Amino acid sequence: MKLICIGRNYTDHIEELENEKPTDPVIFLKPDTSILLKKQPFFIPDFSNDIHHEVEVLVKIKKLGKYIDKKFAHKYYDEIGLGIDFTARDLQSQLKAKGLPWEKSKAFDGAAVIGQWLSKDKFPDVNDINFRLEKNEEIVQEGNTKLMLWKIDELIAYVSQFFTLKIGDIIFTGTPAGVGSVKTNDQLSGFIEDEKMFSVKVK
Ligand code: ZN
């Protein structure tokens, strides 16, 4: 399975990183080895002094598809989740400055937190889901899926033009404003509405 991540999908986060507003979604992949095992802490890797949390809504693909039409995209997923796209921001900035791929800063072991899953039927509208990240019980990131530049169904349609989507693939739909560093002993907890989706200790 693969993790397909969307970059720059919320205007406020684009402004935060001083990126240009893209004309198409930014896509990158993480391998399955980047998934942080359940109940395990996140260990800050030796190669970075500036690991950032990016909380993101996740979509789990349940059906094989390619060139999926936006109007049928809803048939390709049943479950919504929440996770963290951990990013070695210092390394990413160096790589970006050199025009090199981001993988080392985004796809390393443990860089993908995947919380529990909720049935999409639970939500009256998947384009109106509130979510947040708390660091040591203080809210650091808050978002709503209605603020996405490309909504879930548009992302599925777009991504599937390049990559065949397979059962179990997960889309990380991008992060809202408020990304920031983590340090040893931080506790990160993610919520969709008022449901706790994950809790991760930083070591
Ligand atoms: Zn991200």
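**Entry 1: helix 2 and its cover**

Helices (H or I, at least four residues) and strands (E, at least two) are DSSP runs, numbered from the N terminus.

A note on the source: this is a predicted model, where local features need pLDDT of at least 70, side-chain atom pairs count only at pLDDT 80 or more, and totals for chains, interfaces and linings use all residues. Residues are numbered from 1 along each chain as its sequence is written, and side-chain values use heavy atoms, with hydrogens and water left out.

Which residues of helix 2 (residues 89-97) are buried? I found R89, L91, Q92 and L95. Seen down the axis of helix 2, these buried residues fall within an arc of 155 degrees, so they line one face of the helix. The arc is taken over the directions from the helix axis to the C-beta atoms. Buried means under 20% relative accessible area, exposed over 50%, and partly exposed in between (1.4 Å probe, protein chains only). Just after helix 2, I noted that G99 has a positive phi of about 70 degrees.

**Entry 2: salt bridges**

I went through the salt bridges next (a side-chain nitrogen of Lys or Arg within 4 Å of a carboxyl oxygen of Asp or Glu). The structure holds 13 of these salt bridges.

K2 and D169 pair through their side chains at 2.5 Å, N to O. K2 sits in the segment before strand 1 (3-7) and D169 in the loop between helix 4 (152-159) and strand 10 (170-172), so the pair ties together parts that are 167 residues apart in sequence. Both K2 and D169 are buried.

K106 and E54 form a salt bridge at 3.2 Å, N to O. K106 is in helix 3 and E54 in the loop between strand 3 and strand 4 (55-61), 52 residues apart. I checked their accessibility: K106 is buried at 3%, and E54 is buried at 4%. I also found a network of salt bridges that links K30, E54, D85, R89 and K106.

For D69 and K71, the side chains meet at 3.6 Å, N to O. D69 is partly exposed at 37% relative accessibility, while K71 is exposed at 57%.

**Entry 3: the cavity**

How many cavities of 30 Å³ or more does a search of the whole structure find? I got 1. On a 1 Å grid over the protein atoms alone, a cavity is a set of points where a 1.4 Å probe fits but cannot get out, and a pocket is an open set with protein on both sides within 12 Å along at least five of seven lines; lining residues have an atom within 4 Å of a point.

The largest cavity has a volume of about 120 Å³, the volume being the space filled by probe spheres set on the points, with grid points joined across faces, edges and corners. Of its 17 lining residues, G7, R8, H13, E54 and K106 are the closest to the centre. Helix 2 comes back here, giving the largest share of the lining, 3 residues.

Last, I looked at the largest pocket, which holds about 240 Å³ of space. Among its 14 lining residues, K38, K39, I114, F198 and S199 are the closest to its centre. Strand 13 gives the most to this lining, with 5 residues.
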